[in-house]
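I opened the model today and kept notes as I went. Each entry records what I looked up.

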Amino acid sequence: MHGPLIALTAWHGTELAGSVHFTSIAIGGKRGALLLGPLAVAPNFRKNGCGAQLIRAGVSEAERHGFRLVVLVGDLPYYQREGFQMIPAGQILLPGPVDPERLLAKELHQGALADFSGLVTADNEPQFEIYANTSACQCAAQ
């Protein structure tokens with residue numbers, strides 16, 4: 001499997017505040033989706049919107065490159081604020097055990113979720129170069 005297709009970092013001066021990765025996936029053999037994760041924010045930069053800024057910047061890059069859907073495993077109350085919703089049980093499957101209530105998606109094009117179903121696999125034909133160490137946002141320490 002390839003590394004992250006989109007890798008963004010947030011900085012406060014020279015201190016790394018957080019990072020997020022998006023990896024290109026196929027769902028039921030259909031390309032055009034990304035798997036978000038991991039999202040990591042340093043402890044002293046949490047609770048100030050740094051994670052949300054990273055998600056928004058990554059989603060913006062995904063839209064710019066024509067992706068239709070972003071999938072993740074996470075907590076609905078956190079990710080719902082960024083437009084993620086629960087995927088109907090059984091529509092999209094990951095290779096390992098996943099609590100269906102934590103399998104979330106964000107449509108980058110209206111109706112995109114309905115276009116995807118099946119098992120998530122690696123997209124072995126990445127569509128563009130990996131972006132690494134891109135300053136996605138500036139986050140302030142608490």
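This is a predicted model: local features need pLDDT of at least 70, side-chain atom pairs count only at pLDDT 80 or more; totals for chains, interfaces and linings use all residues.

Is Lys47 buried or exposed? Its relative accessibility is 83%, and the cut-off for exposed is over 50%, so Lys47 counts as exposed.

I then placed Lys47 in the chain. It sits in the loop between β3 and α1. I also checked its backbone. Phi is positive, about 70°, though Lys47 is not a glycine. I noted the background: most residues other than glycine have a negative phi, and most peptide bonds are trans.

The one from Gly37 to Pro38 is cis, with omega near 0°. Pro38 belongs to strand β3.

Next I looked for pockets. The largest pocket has a volume of about 310 Å³. I found 14 residues in its lining. Which of them lie nearest the centre? They are Val41, Arg46, Lys47, Gly51 and Tyr78. I sorted the lining by class and got seven nonpolar, three polar and four charged residues. Both β3 (30-41) and α1 (50-64) supply at least two lining residues each.

I turned to the interior. In soluble globular proteins, nonpolar side chains tend to be buried together. The largest nonpolar core here has 24 residues. Phe22, Leu34, Leu36, Val70 and Phe84 touch the most other members. I traced where the core comes from: β1 (6-12), β2 (15-27), β3, α1 and β4 (69-73) each give at least two residues. Which element gives the most? It is α1, with five residues.

I left aside neighbours within four places in sequence. Leu36 is then in contact with Val20, His21, Phe22, Ile55, Val70, Val71, Leu72 and Phe84. I also found a second, separate core of 13 residues, with Ile27, Val71, Leu94 and Phe116 among them.

Last, I followed strand β7 (residues 103-107). How many of its five residues are buried? Four are, and I logged the strand as mostly covered. I checked its partners. β4 runs antiparallel to β7, and five bridges join them. In that pairing, Val73 stands opposite Leu103. Strand β5 (residues 85-86) is also antiparallel to β7, joined by two bridges. There, Gln85 stands opposite Ala105.

How values were computed
Residues are numbered from 1 along each chain as its sequence is written. Side-chain values use heavy atoms; hydrogens and water are left out. On a 1 Å grid over the protein atoms alone, a cavity is a set of points where a 1.4 Å probe fits but cannot get out, and a pocket is an open set with protein on both sides within 12 Å along at least five of seven lines; lining residues have an atom within 4 Å of a point. Grid points are joined across faces, edges and corners, and a volume is the space filled by probe spheres set on the points. Ala, Val, Leu, Ile, Met, Phe, Trp, Tyr, Cys and Pro count as nonpolar, Asp, Glu, Lys and Arg as charged, and the others, Gly among them, as polar. A nonpolar core is a set of buried Ala, Val, Leu, Ile, Met, Phe, Trp, Tyr and Cys residues joined through side-chain atoms within 4.5 Å. Buried means under 20% relative accessible area, exposed over 50%, partly exposed in between (1.4 Å probe, protein chains only). Contact means heavy atoms within 4.5 Å. Two strands pair if DSSP finds at least two bridges between them.
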